[in-house]
Amino acid sequence: MALPPEADPNDNTQRPSWFRRLSSLRWRSALFVVASVVGCQAMAASRQITAPVVLVIPEGLESARQSFLQGLVLGEQAVRACGADPVAIVIHSLGWDQDPTALFARDADNQPVVPSLVVAPYAADLRRFSRLAQAGDARVLLGHQRGPSLDSLSGLDEQGRLLPLLPSRQDDLRALAKAAIDRGWTRVMVVSDPTALEGDVAQPFAELFEGLGGTVLSYTQNGVQSITPGDRERWALLTKDLDWLGPDALVVAAPPDGDLAVALRERQIGLVSGRDPGWIWLLSSTQASAVSPQPWPQIVLSQPAHGPGWNGFTKAFSQRWGYAPDLVAAAGFETARVLALTSIGPSPLASDGTRDPLAWLAPSAQPVSLCKAIALRREGGSARLDGVASDFALRPGRAPTGVAETRLIPAQ
């Protein structure tokens, strides 16, 4: 998704004064200025009026906060380039263990006074935000929700108030499974370190792999071999069955420098059979960049699931900020565009007859550019954008899809 010509990153003429001052700073310093300026504006706004949108950002994780806000700024720039104004936002910080309901004042019936649209923080507690949406009659954008918590949406969101913006990690796992099968690795063993976060995706991968026609080998009733580093009995069983079953590949759900991965690597380097199984790493793309070549081929994730406009967004983001974006930045970008389109046109009626600020989304329509979508919204119509973070087939209670990319590390 290329930005329109008038959205040239070097053109400051249509930006507010604080943004022009920001542009004169080195980008590393600008990271903190963005967060500070937006935060100050939010505090000032919260004392004067209630904005139509509240953006909740978790305390801590400064790099993620900066990345999200940089994407948000770039999205607002794209909105201005189409002749529209970004929506007014109030920003609140929230601790990981805090209830978002506490951020809002109460009415005479002791119900939270919540704006029609709330943007939840990354990896939000869906139960709490579901309760907030119901109590405040609001809709919630899940700006960066990708993990297993998405599986709970169907039970938490019967009224269709929670809307994920990013593809699920299932799309990343599916890409890894397909890459392995396409390479002829149809028989695999899945080994997981239960003490590591990577172990959370071992079972979903095994199910996806079998769904694509592969076979998960196991010496127990469980498809995933869960081994705590230092468990000698389990380790002896695993190594014996690796030799006996002879899988095409070993699926490793553990950190590359962890005890389990190191032990597996040392074992395989010491083999003299001449038939080393390939490895499939269940890691994020960032972690995968640290995987070193081995005497056997390895498949890793090179780019998490994203939408068709990703390359254009990456180019624009890199030109503006000096480094490549991640999905948190893409979530900020998509958030700015969704909020603008929500505010430009009237809120359509939901199925229950109430006004729904997100009912303009048309997940089955043909994707259009942001400027075209703005024109449609001004006429009261629906729209579906050319997606950057996903295919932009946005629906309440259901994650959109995207295309992930994998990389083969050849044997060395």
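R407 is placed in strand β12 (residues 403-409), where strands (E, at least two residues) and helices (H or I, at least four) are DSSP runs numbered from the N terminus. With a relative accessible area of 36%, R407 is partly exposed; buried denotes under 20% relative accessible area, exposed over 50%, and partly exposed the range in between (1.4 Å probe, protein chains only). When residues up to four places away in sequence are not counted, R407 touches A288, S289, Q298, I299, V300 and S302, a contact being heavy atoms within 4.5 Å. The C-alpha atoms of R407 and A179 are separated by 8.7 Å, although these residues are 228 residues apart along the chain.

The model is predicted, and local features need pLDDT of at least 70, side-chain atom pairs count only at pLDDT 80 or more, and totals for chains, interfaces and linings use all residues. Residues are numbered from 1 along each chain as its sequence is written, and side-chain values use heavy atoms, with hydrogens and water left out.

The secondary structure of the protein chain comprises 13 helices and 12 strands. Of its 412 residues, 52% count as buried. Among contacts in the protein chain with a separation of 6 or more, 69% are accounted for by residues 24 or more positions apart.

An open sheet is formed by 5 strands in the order β2-β1-β3-β4-β5, with parallel pairing; two strands pair if DSSP finds at least two bridges between them. In general, strands of a sheet pair through backbone hydrogen bonds, either parallel or antiparallel.

Within this sheet, strand β1 (residues 53-58) and β3 pair in the parallel sense over 3 bridges, and V53 stands opposite L117 in β3. Strand β3 (residues 117-120) is in turn joined to β4 by 4 bridges, the two strands running parallel. In this second pairing, L117 stands opposite R139 in β4.

R139 belongs to strand β4 (residues 139-142) and, at 5% relative accessibility, counts as buried. The side chain of R139 makes a polar contact with the side chain of D356 at 3.2 Å. Such a contact is a pair of N or O atoms within 3.5 Å; within protein, one must be able to donate a hydrogen and the other to accept it, and residues adjacent in sequence count only if both atoms are side-chain atoms. In a regular strand the side chains alternate between the two faces of the sheet. Both faces of β4 are covered, with R139 and L141 buried on one side and V140 and L142 buried on the other.

Helix α12 lies across β1, β2, β3 and β4 and runs at about 175 degrees to β3. The axes of helix α11 (residues 310-321) and helix α12 (residues 327-344) come within 11 Å and cross at roughly 95 degrees. α11 and α12 are therefore roughly perpendicular to each other, given that angles under 35 degrees count as roughly parallel, over 145 as roughly antiparallel, 65 to 115 as roughly perpendicular and the rest as oblique. At the contact, W310, F313 and F317 in α11 meet L327, A329, A330 and F333 in α12. The residues of this contact divide into 7 nonpolar, no polar and no charged; Ala, Val, Leu, Ile, Met, Phe, Trp, Tyr, Cys and Pro count as nonpolar, Asp, Glu, Lys and Arg as charged, and the others, Gly among them, as polar. K315 is also located in helix α11 and is exposed, with a relative accessible area of 56%. K315 and P325, 10 residues apart in sequence, are 9.1 Å apart in space, C-alpha to C-alpha.

Most residues other than glycine have a negative phi. D137, in the loop between α4 (126-136) and β4, has a positive phi near 50 degrees; at 45% relative accessibility, D137 counts as partly exposed. F392, in the loop between α13 (370-378) and β12, has a positive phi near 60 degrees. F392 is buried, with a relative accessible area of 2%.

Terms used:
Axes fitted to C-alpha atoms, helices over the stretch in contact; angles between N-to-C directions.
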